[in-house]
Amino acid sequence: MAEQALWTRARLGRCGPALDLLTARFDKHVYAPHAHEEFTIGVCVDGSEVIDYRGGHIRTGPGSIVVLAPGEMHTGGPGNATDGYAYRALYAAPTLLTDGVFTDGLPHFREPLIDDPELAAAILRTHTDLRCCPDPLEAESRLPWLLTALARRHSASRPVSDVIPGADRVAVVVRDRLADELLDPPSLASLAADLGLSRYQLLRAFRTTMGIPPYAWLAQYRVTRARRLLDTGLRPAEVAAMVGFADQAHLTRWFRRVLGVTPAAYRNSVQDGGWRVD
């Protein structure tokens, strides 16, 4: 097993705080005792790791979630002499876990090892997507929502109400702002502050009303705009910048997801007088 540790930095919204993502695979590496300022949230994807934490030992296996609190000393190393261990982790500021729960301090996780296959799969999907394309609005839409779910399900803190008064109005305001500023969308944190809401409340109101999170709505809106521009004969690379995608690959990922075909294939088909999805 080749040893490697790959770091990616995602930004939570335009000019927002950074959040680090780690993809690690080790054969024999043993971490020295250390602590982080953030919550460490990891999911084991292969092998087994043993972590010394709070005077005991945590043994991970594929699919297990580990949550380590800020400031808590811990180590990490292979669970046995042959298999090594691989995991994905993110390092989240404490405020990202407090938005959707009642707490006077940090959410407390009595058990650092969590068995929640649905949440583990969601963490891995989000980690993979943001590592490949750390779009600020996507990161801000997905990570706080995901981390709030972790705190609501598994911490000792009580969840806040999911009922958001005026959710329809909130969603329309957010939708219109995103459409008006698609080249440089505002952060969800700033939109929430303007509306007198927390970011979790804004996300809840938008998802309840629109059925999808803000980044997905904006991506689909951009695809619609891109399609009109491709109809005029513009190239995908030109169109990507004109509608706010990070690059042509970002446009292609969403265009195919929404329309089932790449932008280049769509453009060529339209110019040929018709197109189909094979």
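Me: Over the face of which residue does Arg 222 lie?
Reply: This is a predicted model, where local features need pLDDT of at least 70, side-chain atom pairs count only at pLDDT 80 or more, and totals for chains, interfaces and linings use all residues. Residues are numbered from 1 along each chain as its sequence is written, and side-chain values use heavy atoms, leaving out hydrogens and water. A charge sits over a ring if NZ of Lys or CZ of Arg is within 6 Å of the ring centre and within 35 degrees of the ring normal. Arg 222, at 5.7 Å from the ring centre, lies over the face of Phe 245.

Me: How many aromatic pairs are there?
Reply: Rings of Phe, Tyr and Trp (its six-membered ring) pair if their centres lie within 6.5 Å; planes under 30 degrees apart count as stacked, over 60 as edge-to-face and the rest as tilted. By this rule the count is nine.

Me: What is the angle between the planes of Phe 39 and Phe 109?
Reply: The two rings are 6.0 Å apart, centre to centre. Their pair is edge-to-face, with the planes at 75°.

Me: Are Phe 39 and Phe 109 buried or exposed?
Reply: Buried means under 20% relative accessible area, exposed over 50%, partly exposed in between (1.4 Å probe, protein chains only). By that scale both Phe 39 and Phe 109 are buried.

Me: Over the ring of which residue does the charged end of Arg 257 sit?
Reply: The distance from the charged end of Arg 257 to the ring centre is 4.2 Å. The ring belongs to Trp 254.
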